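The following exercises are to be worked with the sequence and the structure at hand. Each task is followed by its solution.

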Amino acid sequence: MPSQHPEETGYGYVIERYVTRKDSDHPRYLELNSARVLRPGWRHAKRFARHLIRDAATITDAELEALLAYEWRSRLTAAWLIGVDRRESFRERIGDLLLASEVCYSGGAYCFALARFGTHADAEILTAYLDRYLPRTDLHYDQPDALGALLHLDARLGTHHATRFTQPAGLWDHWGEGVRRLGYPSHTPAELRRWTDLHCDFANGWTRP
């Protein structure tokens, strides 16, 4: 999926309007990536959330496509806006981008969007991602975010998609051992699910349930 600057399609303004705008001390994409919105007592929380929810509701599908076609900052922001507003029409597009894993940082936002959609179809996308990337013990991509999102969906849907990954000596343990040798930290499945729960709880607190 080649990258295309929004200016090439007549949407050059979307970067400043949605991605680099400042509702706090830092650009929006940086705040989303740092998860500062989840920290209790953050003084910009109300303003940041209000503007994020407004933009999620008003951004057009064409503008979202322009963001998704560009680099990681744009894709991360677009995926958050899609997830907050539950734009399920973007499910396939988000799934394709997640599975392709072309750029850094944005994968966690794709997983957030799928968790927000909250359906069996989203669990299938996350399962496909883990089937593809957990065997790759040489890659630390978005496996933790995908597992956390899948566990969140299992709890919501009453399913057990994640069980075969998290069973003792299973794919998750095997992958964790591999990436620890590369210097990456390990997280328990419970910690990863809690992280997804926190993101979704944040969005639920400001949008329709």
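**Exercise 1.** In which crossing, left-handed or right-handed, does helix 6 pass helix 7?

Solution. This is a predicted model, in which local features need pLDDT of at least 70, side-chain atom pairs count only at pLDDT 80 or more, and totals for chains, interfaces and linings use all residues. Residues are numbered from 1 along each chain as its sequence is written, and side-chain values use heavy atoms, with hydrogens and water left out.

Step 1: helices are DSSP runs of H or I with at least four residues, numbered from the N terminus.
Step 2: a crossing is left-handed if the near helix is turned anticlockwise from the far one by less than a right angle, and right-handed if clockwise.
Step 3: helix 6 passes helix 7 in a left-handed crossing.
Step 4: the contact (heavy atoms within 4.5 Å) involves residues of helix 6 including Ile94 and Leu97, and residues of helix 7 including Tyr110 and Leu114.

**Exercise 2.** Classify the pair formed by the rings of Tyr11 and Tyr13.

Solution.
Step 1: rings of Phe, Tyr and Trp (its six-membered ring) pair if their centres lie within 6.5 Å; planes under 30 degrees apart count as stacked, over 60 as edge-to-face and the rest as tilted.
Step 2: the centres of Tyr11 and Tyr13 are 6.1 Å apart and the planes stand at 50°, so the pair is tilted.

**Exercise 3.** Is Tyr133 buried or exposed?

Solution.
Step 1: buried means under 20% relative accessible area, exposed over 50%, partly exposed in between (1.4 Å probe, protein chains only).
Step 2: Tyr133 has 8% relative accessibility and therefore counts as buried.
Step 3: its aromatic partner Tyr141 is partly exposed at 36%.

Key:
Helix = DSSP H or I, 4+ residues; strand = E, 2+ residues; numbered from the N terminus.
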